[in-house]
Each structure stands twice: as structure tokens, then as C-alpha cells.
Amino acid sequence: LLAGAMTIVESLAPGASQDALVYHLALPARYVEAGGFTRVEGSFFAYFPQNIEMLFTFGLLLKDETLAQGYHWLLGVAASAAVAALARRIDPKASVLLAAAAFATIPTVVLIGGWAYVDLGVVLFVTLSVLCFLRWTRSEACPWLVLSAVFAGAAAGSKYTAGFQGLLVAGGAMLLGTLRRWPARKAVSLSALAAGVVAAVACPWWIRNALATGNPLYPFC
């Protein structure tokens, strides 16, 4: 509660964090000014995946940077709850309050909780993806695998490095099939399904980059 109070007060102050001023808030401000996506010359940050920045754009349209920062704070609250749910899924005897508090008081979480960054959103999506994947491993109900891939795709659409979660979901499906001696066709099909869902959710940013620069993963590869 103390960490939450400190960070929400911080979110009400004008944005001053470096990455927010360089691109997390600067790019949405350009989009608002232009009335849509616009080419930002000299900034390779403009071609990063921007799921969370779209929330910030909405915040700037409705009010100002304080609302955008408030959205990141809310993502942090949701991430703490997701961590608590994951702890309970791993160990039914786990304390959800202790798990949430352990995450919420990590110094980096407190540092960026009131800033317009994307990292707590990434934590939320990745944690929910892991949680759904664990549910799938126990029930083998396909919708849980699909939902895990959806959240992995949301993470990949928020930050390039979060794309590793999609690889883990697809690879995990293949590995589980091997360990449980499923028919090879079933394991490959489930892995391909997971990879396809991840790609479908994250691909709008890849398509935009391909059209603008000829490279879907610009400025990498």
C-alpha cells in the first residue's frame, strides 16, 4: 500500500523520466498532434512495438501525461495481482498478499511505477501468459494454450525483448508433447497454433514497420 501510494502521487506530477520524454510520451504526443501515425524522422524508437504507447496516446487525448502515467500505474497494480495469482497457482498454500507485496516493493518497480514506461505492462502480459500456460499443462484444454499465446503476443507487441515469451509458449507446447509422448502431429500442431496466435496478435507493428522501412523488425535484423 505504501509503494502504491508513493507511486500514484508520483504519477500525478509532470513527466520527467528520460525514456518517457524521449519516446514513451514523445511519440504519442506527435501522433496526437498529427491526428494519427506519422513518420518521426531520426528516431528509431518510433518503430518499436507500441501497444502500451497506444494507452498513453489515449491518455494524452483525454487529459495529459499524468493520465498516461496513471495507466502505467494501473498496469503495475494488475501485474502485482497477476504475480499473486501465479504464486497461488504454483503453490496453493502460498500467500497472495506476500507475493504481491514482494513484487510491488522491488526497487525497480517502485522507481518506474509512476512513470510512463511499458515495463509493468510487459510484466503483466508475460505473467498472465505463464499462468494460462500452467493451467493448460494441467488441464490440456486448448483454450488455455490459446489464451497464453494471446498474452504472449500482447507482450511482444509492447516490447521486442518480450517476444521471447512467445518462443517459450510455442517451444513449451512442443516440449510438453514430447515429455507426455503425444503423437508428433499433435505436438507440432499445438506448437504451430501457439506461434500463429502470438504472431497474429503482435503482427500489426511488424506490418507497419515492413511498409514504412521494408524491415518488419526495424531497427534490428
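Predicted model: local features only at pLDDT ≥ 70, side-chain atom pairs only at ≥ 80, totals over all residues.
1. The peptide bond between Y218 and P219 is cis, with omega at about 5 degrees.

2. Next, the pair α8 and α9. Helix α8 covers residues 119–139 and helix α9 covers residues 142–156; their axes approach to within 8 Å, with a crossing angle of roughly 165 degrees. Because angles over 145 degrees count as roughly antiparallel, α8 is roughly antiparallel to α9. As for handedness, the crossing of α8 past α9 is left-handed.

3. Which residues of α8 meet α9? On the α8 side they are F125, V126, L128, S129, C132, F133, R135, W136 and S139. Their partners in α9 are C142, W144, L145, L147, S148, F151, A152, A154 and A155. Sorted by type, the residues of this contact comprise 14 nonpolar, three polar and one charged.

4. E140 deserves a paragraph of its own. This residue is in the loop between α8 and α9, and its phi is positive, about 60 degrees, although E140 is not a glycine. Most residues other than glycine have a negative phi, so this is a backbone angle to look at in your viewer. With a relative accessibility of 36%, E140 counts as partly exposed.

5. The side chain of E140 also takes part in a salt bridge with that of R180, at 2.7 Å from N to O. E140 belongs to the loop between α8 and α9, while R180 belongs to the loop between α10 and α11 (184–213), so the pair ties together parts that are 40 residues apart in sequence. R180 is partly exposed as well, at a relative accessible area of 35%.

6. Moving to R181: this residue is in the loop between α10 and α11. R181 is not a glycine, yet its phi is positive at about 55 degrees. R181 has a relative accessible area of 78% and is therefore exposed, the cut-off for that class being over 50%.

7. How many salt bridges does the structure hold? There are four, including the one between E140 and R180. Another is formed by the side chains of D119 and K159, with an N to O distance of 2.7 Å. D119 is part of helix α8 and K159 is part of the loop between α9 and α10 (164–179), so this pair, too, ties together parts 40 residues apart in sequence. Both ends are partly exposed: D119 has a relative accessible area of 23%, and K159 is at 31% relative accessibility.

8. One more salt bridge to check is that of D64 with K63, where the closest N and O atoms are 3.5 Å apart.

Notes: Residues numbered from 1 in each chain as written. Heavy atoms only, no water. Axes fitted to C-alpha atoms, helices over the stretch in contact; angles between N-to-C directions. Helix = DSSP H or I, 4+ residues; strand = E, 2+ residues; numbered from the N terminus. Parallel < 35°, antiparallel > 145°, perpendicular 65-115°, else oblique. Left-handed = near helix turned anticlockwise from the far one by under 90°. Contact = heavy atoms within 4.5 Å. Nonpolar A, V, L, I, M, F, W, Y, C, P; charged D, E, K, R; others polar. Buried < 20%, exposed > 50% of the residue type's maximum accessible area, 1.4 Å probe, protein only.
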